[in-house]
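Subject: A structure to look through, with notes

Dear colleague,

I am handing over the structure shown below, and I would be glad if you read these notes with the sequence and the 3D view open beside them.

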Amino acid sequence: MFQKRAIVATVAARPLELLDSNPPEIDLYIARPEDMEIDPAVEWSMVEDRSGFYEADKHTLVALQRMMREPFPLAEHLVFAQPTIAAPTYVVEKPKRDLSSVMRTNEYATTENVDILNHWPAKPSSDMDASQLAALRRILTKRLAVIQGPPGTGKTYVSEQAIRIMLANGRPDDPPIIIACQTNHAVDQLLRKVAEFEKDFVRLGGRSKDKEVIKKRTLYEVKMLTSNERPAGSLLGSARKRMQDLEKEIKVLLSPLKPEKNPLDFAMLKDFDLLTPKQADSLAAGASRWVQDKCSNLKEAKSSPFNVWLGKMLVSVPPKQQSEEFGFDFEEQDLTFENVKELEAETMAKDDEDFETLRGEHISLADNFTCRKVTGMTEAKVQDALRQQDMWKIPEVIRGEVYRRLQSQAKTHILTVFREKAKLFNEQATKRQIGQWEHDDIVLKQQKVIGMTTTGFSKYRGLLASLQPRVILIEEAAETLEAPITVACLPSLEHLILVGDHKQLRPHCHVKAHEDSPFFLNVSLFERLVNNDVEYNTLAKQRRMIPEIRRILYPIYGELIQDHASVRDPERRPDVPGMGGVNSFFFTHQWPEQRDDQMSSVNPDEAEMIMGFVEYLMVNGVQARDITILTFYNGQRKRILSLVRDNQRSERNIEMVFRLSSRNNHGKIGFLSIDNRVCVALSRAQCGFYIFGNAMLLYNEKYKTWLDVINIMAGKKRKSERPKHEPSRLNDKLPILCKDHDRQNLIGEAADWQTLSSSGGCDLKCDGTLACGHECVLNCHPYEHDMITCHQPCGKKLPCGHGTCEGDCGTVCSCKICSKGRGLGRITDVSHGDQAVDGDGRLSRTTSETSSSWHSFAVEEPGRYATAAAALPSSRRGSPQKQSPAKSEPKATKENLLVDFADDGTSQVLGGRSVPGSTVKGAAGGGGYKVPVMQVKSGHSSEKSLLDEESDG
């Protein structure tokens, strides 16, 4: 593959504006100065390793090299798996602790001045359950504490309480506690908890998305708030000054290669000793005489004598790489690109967030001009020609090759000097880093807690070692490769806490061949310790899933986890609206899947089915932010996103719609065969969990976990079923229930959603009574009647005596004759009797709370719906009996009217048909998605899908 040589480089930056250019550009970093190249004429082929990103592992590998020359604390447990663990040295020396920040004194135990090694409180009063208290005791009393936390059992909460106690019992001169997590999100989540009881903490490295709390505590921001006084003898100032000088020198050095409209400068060639003074003088003098004799352009001769000396032999050098036009637009960014951005956020980001572009001046390089190669011209002839002191005596046929030789020698000379200066620059950059860390060390020693990612720990290991920390807590330890945790074992370490769950996500190896046999690099240090019977505790009570969902995890955890009382409380975990108590379900199908251009699985039929289900849930009162759609495949993810237009992260995951594998010809299930991934997918939801996929494909002895999961969902009862045995939750028809008519509908395909009322109920008539007294003419709907504006004829007597009101029931009565109408409330319900009148003469409804957590139903946003209803032309709201035949079918009556409710309360009519009847003033989920204004003639309805497109989650 390599014709001559290969250079190893890393991506230093990838500015988005350069990636969008044609051709795209990236910035490469070449670590060794002797490998650097500056010749614009040399063409390189880039071989990209897409299986891994070196920058993410570089710091860890360097740290492992340093560890070879350092003591390795806890090696007896981490390397040799010694199962019995002693207490930390600093705890043995002073074992008494104040536990009152977490526990309360009672008749059985005191929580102040407790000897935690010998007299741990027997029955303390605490908000923590027994398993959490046992885990807390292990964290505080063991030099290596391994805590397994199954889904929803409170791993982060236990870590938070342990840190709280440590800080409450710390001394002013104690080194900071170090917290490291696998992901930026987990670091921010834990630090946000710490911020509630400790203000002196710092977030190291990375891009924190928490702008309210954590962003203000990054090292960069904290340094801005403290004194910039440098420590005595700091290397920072002198190193920066020398680097600035070297930048200027390098710029001057490369100036002969800057893009311009002239060939090489002959004076520069003389300075480089490539031309003798006599040769340079003869070149300039001869060019001047030639111009005078031929009456040529004097300016051209002065700019460079080579213009005259070479004449037409001189040709411009075009750019090496031309723009690429293939006749189609670039596709949307792939998941790989998103992964790269996240890696950069965790590993390469600078504290000031400026990691998209490199600092410093950008210097472009170009050959500008050259000469065509002359066939048959030997090196000896060119060398012999350059011995001639009068350049004008060199034959014209050789001059092109002479120029090419001078150009090549000039670039060689520049490269040699450039590499020397680059080496000096790198040395000064190292000194600047040391000087920067000298300043950072002062700031960090004033902190009580320092948080970062595990990769960030490797990156800042030298800085952290200077703090001599003795306590290090690693969350998500079971998801982290063994090497980054090993690197965390600094010589000063006395107390290591590992929190995670090896049953959930495993570490990810960039090279798949390194997973499992024979290398097993995807087995974390956490899992290896548990497998070798090193002491550990397991949290037992889960506070996330309702029992109906938790039971699905039995094949993975068995009886290990139990339900906390909170998940059995219907007030905290209500049934999913519109599902009739069916809070978990496996919708099985055999719709064939496809492959996108990235060879990822896509199933359009399934995507449409899922979107219909999401619409139905939202119309029945489920907030969009409480729904998470999870899929294993990037192709299906993009397909669903193109329908839902929502990529908002949900922390609550009240309803989980989970997309599995579909029908394929080879009978393989890919990622679904990995139990750790399955565990994560099955354990995210709180109140509702719905699986869409091919159960027949998964029901196979080869996939033991799925076999057991499907048996459970199909209604197979265990001997000790807790909660009570649930009926079958697996079918090729999804059951939904109309709460008003107690009528079940079975949905077998996406088209079946269209047979329901677009209001989210069933296909029967409502037959209820509006607050104004008129009969509701809509189809069945799950929301209250006070959310509907009546458009039936008013008919009430006008106060002026000029007959009855001819307007709609939901508008203010007015007299066309005397224009003396006063606002008369049409809604006679007592709780809404005092209706305000808005600026458009519409009745507006005051905000009220509803008792049901599922039926907030946009009550907080009545203004936007009133405004939207007011946007309708009055001719479209009138009684059909009052309209003339010519106006009974206006030209605009093509489709149902669709109104877009924006976040600011304004509305936009998107098009459609209008018929009189009733208008829905509110809808589930709040603002930002599109709903039809359903206007109905007496006796029949004209409605379409309630949710056309969700836009803001």
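This is a predicted model: local features need pLDDT of at least 70, side-chain atom pairs count only at pLDDT 80 or more; totals for chains, interfaces and linings use all residues.

The buried residues of α27 are T705, W706, L707, V709, I710, N711, I712 and M713, so that, by the cut-off of under 20%, the helix is mostly covered, with eight of its 10 residues buried. Just after the end of α27, G715 takes a positive phi of about 105°.

Which helix packs with α27, and at what angle do the axes cross? The partner is α25, made of residues 675-682, whose axis comes within 10 Å of the axis of α27 (residues 704-713) and crosses that axis at roughly 30°. Angles under 35 degrees count as roughly parallel, and α25 and α27 are therefore roughly parallel to each other. On the α25 side the contact is made by D675, V678 and L682, and on the α27 side by T705, W706 and V709.

Turning to the protein as a whole, there are 29 helices and 33 strands, and of the 953 residues 49% count as buried. If you take the contacts between residues at least 6 apart in sequence, 68% of them join residues at least 24 apart.

In soluble globular proteins, nonpolar side chains tend to be buried together. The largest nonpolar core here has 39 residues, and the members that touch the most other members are L269, F306, W309, V402 and L406. At least two residues of this core come from each of α9 (236-254), α10 (266-271), α11 (277-294), α13 (305-310), β11 (369-371), α15 (379-385) and α16 (396-444), and α16 gives the most, with nine residues. To see how one member sits, look at W309, which touches L283, M391, W392, I394, R399 and V402 when residues up to four places away in sequence are not counted. Another core, of 38 residues, lies apart from the largest one, and includes I116, M128, A186 and L539.

A pair of aromatic rings is described by the distance of the centres and the angle of the planes.

F613 counts as buried at 0% relative accessibility, and W753 counts as buried at 9%. Both rings belong to one aromatic cluster, which is formed by F587, W591, F613, Y616, Y690, F692 and W753.

Two arginines lie over ring faces: R217 is over the face of F201, at 5.6 Å from the ring centre, and R470 is over the face of Y90, at 4.2 Å from the ring centre.

Finally, some details of the backbone. A cis peptide bond, with omega of about 0°, joins S517 and P518, and P518 is found in the loop between β14 (495-500) and α20 (525-531). D533 has a positive phi of about 60° although it is not a glycine; D533 is found in the loop between α20 and β15 (537-538) and is exposed, with a relative accessible area of 60%. D742 likewise is not a glycine, yet has a positive phi of about 50°; D742 lies in the loop between β25 (734-738) and β26, and is exposed at 62% relative accessible area.

With best wishes

Terms used. Residues are numbered from 1 along each chain as its sequence is written. Side-chain values use heavy atoms; hydrogens and water are left out. A nonpolar core is a set of buried Ala, Val, Leu, Ile, Met, Phe, Trp, Tyr and Cys residues joined through side-chain atoms within 4.5 Å. Buried means under 20% relative accessible area, exposed over 50%, partly exposed in between (1.4 Å probe, protein chains only). Helices (H or I, at least four residues) and strands (E, at least two) are DSSP runs, numbered from the N terminus. Contact means heavy atoms within 4.5 Å. Rings of Phe, Tyr and Trp (its six-membered ring) pair if their centres lie within 6.5 Å; planes under 30 degrees apart count as stacked, over 60 as edge-to-face and the rest as tilted. A charge sits over a ring if NZ of Lys or CZ of Arg is within 6 Å of the ring centre and within 35 degrees of the ring normal. Axes are lines fitted to C-alpha atoms, for helices over the stretch in contact, and angles run from 0 to 180 degrees between N-to-C directions. Angles under 35 degrees count as roughly parallel, over 145 as roughly antiparallel, 65 to 115 as roughly perpendicular and the rest as oblique.
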